[in-house]
Amino acid sequence: PWLQIQANACRFETTPIQYAEHLKRLMRDDPSLTIGDVSARLHKNPAWIKNQLRLLWLPREVQQLVDDGVI
């Protein structure tokens, strides 16, 4: 799944919320994973990973605006 997550970051079809959901699922499936582990495996900054996951805290209406590129 790690290569798929990396590839999805570059695909236009993958929305920011979908990507965040993938990250959350990975971390849920392996509770021992830390933000640092995920960032190292995906070659992304830990702050970037945290920000992606924070998108899931937004109300669904706002998440849709993010996915639509409005905000």
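In which helix is glutamine 52 found? Select glutamine 52: the residue is found in helix α4, where helices (H or I, at least four residues) and strands (E, at least two) are DSSP runs numbered from the N terminus. The model is predicted, so local features need pLDDT of at least 70 and side-chain atom pairs count only at pLDDT 80 or more, while totals for chains, interfaces and linings use all residues. Residues are numbered from 1 along each chain as its sequence is written, and side-chain values use heavy atoms, with hydrogens and water left out.

**The whole chain**

The chain has 5 helices and 0 strands, in the pattern α-α-α-α-α along the sequence. Of its 71 residues, 31% count as buried; buried means under 20% relative accessible area, exposed over 50%, and partly exposed in between (1.4 Å probe, protein chains only). The chain exposes about 4,800 Å², of which carbon and sulfur atoms supply 57%; accessible areas come from the Shrake-Rupley method with a 1.4 Å probe, and for residues only the protein chains shown count as cover. Among contacts with a separation of 6 or more, 50% join residues 24 or more positions apart, contact meaning heavy atoms within 4.5 Å.

**Helices α2 and α4**

Select residues 16-29 and 46-54 next. Helix α2 (residues 16-29) and helix α4 (residues 46-54) pack at an angle of about 105°, with their axes 8 Å apart. The two helices are therefore roughly perpendicular, the classes being roughly parallel under 35 degrees, roughly antiparallel over 145, roughly perpendicular from 65 to 115 and oblique for the rest. Axes are lines fitted to C-alpha atoms, for helices over the stretch in contact, and angles run from 0 to 180 degrees between N-to-C directions.

On the α2 side, show Pro16, Tyr19, Ala20, Leu23, Lys24 and Met27; these meet Trp48, Ile49, Gln52 and Leu53 in α4. By class, the contact of α2 with α4 has 8 nonpolar, 1 polar and 1 charged residues. Here Ala, Val, Leu, Ile, Met, Phe, Trp, Tyr, Cys and Pro count as nonpolar, Asp, Glu, Lys and Arg as charged, and the others, Gly among them, as polar.

Return to glutamine 52, which is buried with a relative accessible area of 12%. Leaving aside neighbours within four places in sequence, glutamine 52 is in contact with Pro16, Tyr19, Ala20 and Leu23.

**The nonpolar core**

Select Trp2, Ile5, Tyr19, Leu23, Leu26, Met27, Leu33, Ile35, Val38, Leu42, Ile49 and Leu53, the 12 residues of the largest nonpolar core. Such a core is a set of buried Ala, Val, Leu, Ile, Met, Phe, Trp, Tyr and Cys residues joined through side-chain atoms within 4.5 Å. Elements giving two or more residues to this core are α1, α2, α3 (35-42) and α4, and α2 supplies the largest share, 4 residues.

Centre on tryptophan 2, in helix α1 (residues 2-10). Its contacts, apart from neighbours within four places in sequence, are Leu26, Leu33, Val38, Arg41 and Leu42. The C-alpha atoms of tryptophan 2 and arginine 41 are separated by 7.3 Å, although these residues are 39 apart along the chain.

**Serine 39**

Finish in helix α3, where serine 39 lies. Serine 39 counts as buried at 6% relative accessibility. Not counting residues up to four places away in sequence, serine 39 touches Lys44, Asn45, Pro46 and Ile49.
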